Amino acid sequence: MVDLVVVGSIALDSVKTPFGDVKDVLGGAATYSSVAASIFCKPGIVGVVGADFPREHIDFLKKRNIVTEGLEISEGKTFRWGGYYEYDMNQAHTTNTELNVLSTFKPKVPKSYLGTKYLFLANIDPVLQLDVLSQFKKTKFVALDTMNFWISTKKKELMDVVAKVNLLLINDAEARQLMGTTNLVKAARGLLKCGPDAVIIKKGEHGALLFTDGICFSAPGYPLEDVKDPTGAGDSFAGGLMGYLASTDDTSVQNMKKGVVYGSAIASYDTEDFSLNKLKKITRADVNDRYKAFERLVEF
Ligand code: AMP
C-alpha cells in the first residue's frame, strides 16, 4: 500500500545555469516530487522511461522507499528536456522537449495503488493526467501541476483536468498565460472558478501564494546565498506539500499552510545543486531545521 500516487515525467535533463552545466542527468516532475514526498511518506510512482534509462536511477528511487511498480520501461528513448537559466534564475528557457516514450505512453495504475487517497498529477501531458485520474474510483485529495508547454499545446484537455482536482499548483507566468491577466490575484480567483478548491501560485525565489476559502496565505522564498540550479524546485515544492498532507491525512487550511512551508523548505534545498544531488542528501531533520528557519524569517 502506498500513501501517495505520483504520475508525471521521468526525464534525462540537460541544463545550463550561470554556475555550470550538466547533460542527461536524472530529472522529471515525477522524480523530483516523489523524492521530496518520500521525506514524509511512501509514494508510488506512475511513469515511463526508455531502455536507455540508467538502472542506477531506478535503484535510487527504490532506496528512497518509492514504489516503482507503476514505472514502465519501454522500448525507445527516455523523455528528454533541455533548458537554461540566465542571471534571473526564476525563468527557465526551454531549448528542447523530446517526448520520446512519453508520446505513446498508456499509463496503467497498478491494483495495489488504487485505494490510495492522495494523488498528485505532476507535470506531464494532461491527457495522461486525466487517464490516470479516471482509473481511481475514490480519492480524498488530488493535486495538479502543469507548465507553459501544455498550456500552449493542450489547453482544452488541461482545463478538463483542472475542473476535476482539489488543488491546482501553477507558477506565476503560467497563471497569467492561462487566465490572460497580468494580475496574480485575479488569475487565482479566475482559476478557482474553474473547479479547484485551492490554487497555489509559485513565484520562484519569491515564494508561494495559497488561495482558498476566501483566504490568501503567503509563504516567502528562503533567502539563499548559493543557488546553482532551480530545476525541479516547483516539483519538489509540490511533492513536499503532498507528502506532508498524505502523511498527516489532514487537508484543513491550517495544515495546508504548514505543507506549503515544508514544500518551500525542500524546494530551497533542491536549488542548491544540479539535478537531485542535494535532495539525495537531505533528511527529515534538515527539513525540520529549515522549517524552523522559515518561522524565524516571518516572525515579527
Ligand atoms: P520545475 O519544477 O518546473 O523546474 O520542473 C523541471 C522538470 O520538468 C525537469 O526535470 C523536466 O524534465 C520536466 N519537464 C520539462 N518540460 C516538461 C514537459 N513538457 N512535460 C513534463 N515534464 C517536463
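This is a predicted model: local features need pLDDT of at least 70, side-chain atom pairs count only at pLDDT 80 or more; totals for chains, interfaces and linings use all residues.
**View 1. Lining of the second largest pocket.** The second largest pocket has a volume of about 230 Å³. Strand E13 (215-219), helix H9 (253-270) and helix H10 (284-298) each contribute at least two lining residues. Among the residues that line this pocket are Phe217, Pro220, Gln254, Lys257, Lys258, Tyr291 and Glu295. By class, the lining consists of seven nonpolar, two polar and three charged residues.

**View 2. Helix H6 (residues 172-179) and its buried residues.** Glu174, Ala175 and Leu178 are the buried residues of H6. These residues lie on the same side of H6, because the arc they cover around the axis is only 100 degrees. An α-helix has 3.6 residues a turn, so residues three or four places apart point the same way. The buried residues of H6 pack against helix H4 (148-153), helix H5 (155-162), strand E10 (167-171), helix H7 (184-193) and strand E11 (198-202). At the N-terminal end, H6 is capped by Asn171, with a side-chain oxygen 3.2 Å from the backbone nitrogen of Ala173.

View 3. Arg80 counts as buried because its relative accessibility is 13%, against a cut-off of under 20%. The side chains of Arg80 and Asp52 form a polar contact of 3.0 Å. The Arg80 side chain also reaches the backbone oxygen of Thr78, at 3.1 Å. Leaving aside residues up to four places away in sequence, Arg80 touches Leu12, Asp24, Asp52, Asn96, Thr97, Glu98 and Asn100.

Terms used:
Residues are numbered from 1 along each chain as its sequence is written. Side-chain values use heavy atoms; hydrogens and water are left out. On a 1 Å grid over the protein atoms alone, a cavity is a set of points where a 1.4 Å probe fits but cannot get out, and a pocket is an open set with protein on both sides within 12 Å along at least five of seven lines; lining residues have an atom within 4 Å of a point. Grid points are joined across faces, edges and corners, and a volume is the space filled by probe spheres set on the points. Helices (H or I, at least four residues) and strands (E, at least two) are DSSP runs, numbered from the N terminus. Ala, Val, Leu, Ile, Met, Phe, Trp, Tyr, Cys and Pro count as nonpolar, Asp, Glu, Lys and Arg as charged, and the others, Gly among them, as polar. Buried means under 20% relative accessible area, exposed over 50%, partly exposed in between (1.4 Å probe, protein chains only). The arc is that of the directions from the helix axis to the C-beta atoms. Contact means heavy atoms within 4.5 Å. A polar contact is a pair of N or O atoms within 3.5 Å; within protein, one must be able to donate a hydrogen and the other to accept it, and residues adjacent in sequence count only if both atoms are side-chain atoms.
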